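Hi,

Here is the structure I said I would pass on. Please open it first; my notes follow below.

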Amino acid sequence: MRRPFARPWAKFMRVVEAAARSVARLVARKVARNRQVAEVLFDRCRTPSDLVRSGLNHLAFLLRLPKIPFLTSVMLETTNHCNLRCRFCPSAKMHRPRGFMDPGLAERVLRDCGRLQYVYLYDWGEPMLHPELPSIIQTASRLGHRTFMVTNGTLLTPSLSEAIIRAGLSAICFSIDGLFEIYSSLRGFDYRVLEQRVMEFLGTRERLNPRLRVEINYVVSRETEQQVERFRSIWAARVDHITFQPMLMYSKVRRFRPCRELWKGSLVVLWNGTVVACCVDYDGVLKVGDATEESITSILNSRPMVLLRSDHVRGRFCSLCSYCSEYETECVDGRFDGRISGQEGAPLS
């Protein structure tokens with residue numbers, strides 16, 4: 001039997017949520033002090049509860065507390081194999097073994113997580129190489145998690161596109177850096193072929209699930225910064241959001257401020273179960289736990305994580321963190337404090 005006030009109440013709650021999200025957007029911009037970071041934060045936080053959790057973690061960062069209250073997201077490295085050899089990516093010099101995450105391990109981690117903003121299905125590899133990717137997405141969806149995948153898009157086929165959409169993928173982000181010859185020289189793949197495959201995916205999205213969010217991540221570097229505005233004019237109307245991300249670099253100048261990434265509430269689970277604190281750690285040298293033996297929630301404030309945050313507060317940075325920075329450009333806002341200029345650093349690769 002339908003309750004008489006169900007429809008008015010649902011409408012009222014939509015109005016309340018819309019108002020709350022408008023206020024939250026303003027707060028996110030104020031807290032982040034960076035329009036692009038604020039927009040990405042707001043897009044990831046789909047409910048007021050998500051914003052509260054992220055806000056309390058940020059408060060812990062501002063207070064320089066060694067523990068944080070919430071695990072907000074988990075990054076599952078479905079594989080560290082990749083079909084491309086991009087010029088700026090350190091994947092080619094990775095020393096750790098390569099492999100594919102066992103779907104059973106993925107389910108174990110996801111069952112332990114509780115409520116998350118997103119499960120990120122990528123790290124240092126191309127997730128579409130995983131033969132059971134749709135199954136992992138389906139498991140995450142069944143457990144109530146929103147899934148977000150970053151891909152180079154070069155392996156898209158009509159059947160794979162349908163499979164991952166039907167599995168319940170919530171959002172997908174294509175890594176596209178530059179246009180035409182610039183893209184092809186950096187990625188070693190034909191830009192026109194990629195463009196066609198992404199457009200075909202967008203058509204499949206409209207047919208099967210128009211609510212699936214489609215984004216693009218554009219790495220800004222010396223080679224690509226001149227094409228930012230032209231790229232925006234071509235792709236902005238095609239996708240839901242474009243993130244222009246300064247390229248990660250190693251600076252010649254040591255870090256002097258704590259990195260807020262350690263307080264965001266995100267952990268990275270490598271394909272073999274090793275847990276690291278940051279996605280920049282491509283070789284897994286900063287191990288903070290093992291998801292095959294420990295619960296992911298216990299690792300969030302484990303002794304290694306608490307020591308790592310405490311060291312950052314005291315200005316003691318490990319070799320991985322000491323010189324981590326990003327390319328400085330006037331095209332887009334940076335994510336980090338104290339960025340370097342492009343002439344003072346080198347790419348991670």
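Thr151 stands opposite Phe174 in strand E4. Keep in mind that this is a predicted model.

Strand E3, residues 147-151, pairs with E4 in the parallel sense, over 4 bridges. Between the two strands the chain passes through helix H6, residues 158-166. This β-α-β crossover is right-handed.

E4 also pairs with strand E5, residues 213-220. These two run parallel as well, joined by 5 bridges. Here Ala171 stands opposite Arg213 in E5.

How many of the residues in E4 are buried? The count is 5 of 5 for this strand, residues 171-175. In a regular strand, side chains alternate between the two faces of the sheet. In E4 both faces are covered. Ala171, Cys173 and Ser175 are buried on one side. Ile172 and Phe174 are buried on the other.

Now to E5, which contains Val220. Is Val220 buried or exposed? Its relative accessibility is 0%, so Val220 counts as buried; the cut-off for buried is under 20%.

What is Val220 in contact with, leaving aside neighbours within four places in sequence? The partners are Glu225, Val228, Phe244, Gln245, Pro246, Met247, Tyr327, Thr329 and Val332. Val220 and Glu328 are 108 residues apart in sequence, yet their C-alpha atoms are 9.0 Å apart in space.

Best wishes

Notes
Residues are numbered from 1 along each chain as its sequence is written. This is a predicted model: local features need pLDDT of at least 70, side-chain atom pairs count only at pLDDT 80 or more; totals for chains, interfaces and linings use all residues. Side-chain values use heavy atoms; hydrogens and water are left out. Buried means under 20% relative accessible area, exposed over 50%, partly exposed in between (1.4 Å probe, protein chains only). Two strands pair if DSSP finds at least two bridges between them. A crossover is right-handed if, with the strands pointing away from the viewer, the path from the first strand over the helix to the second runs clockwise. Contact means heavy atoms within 4.5 Å.
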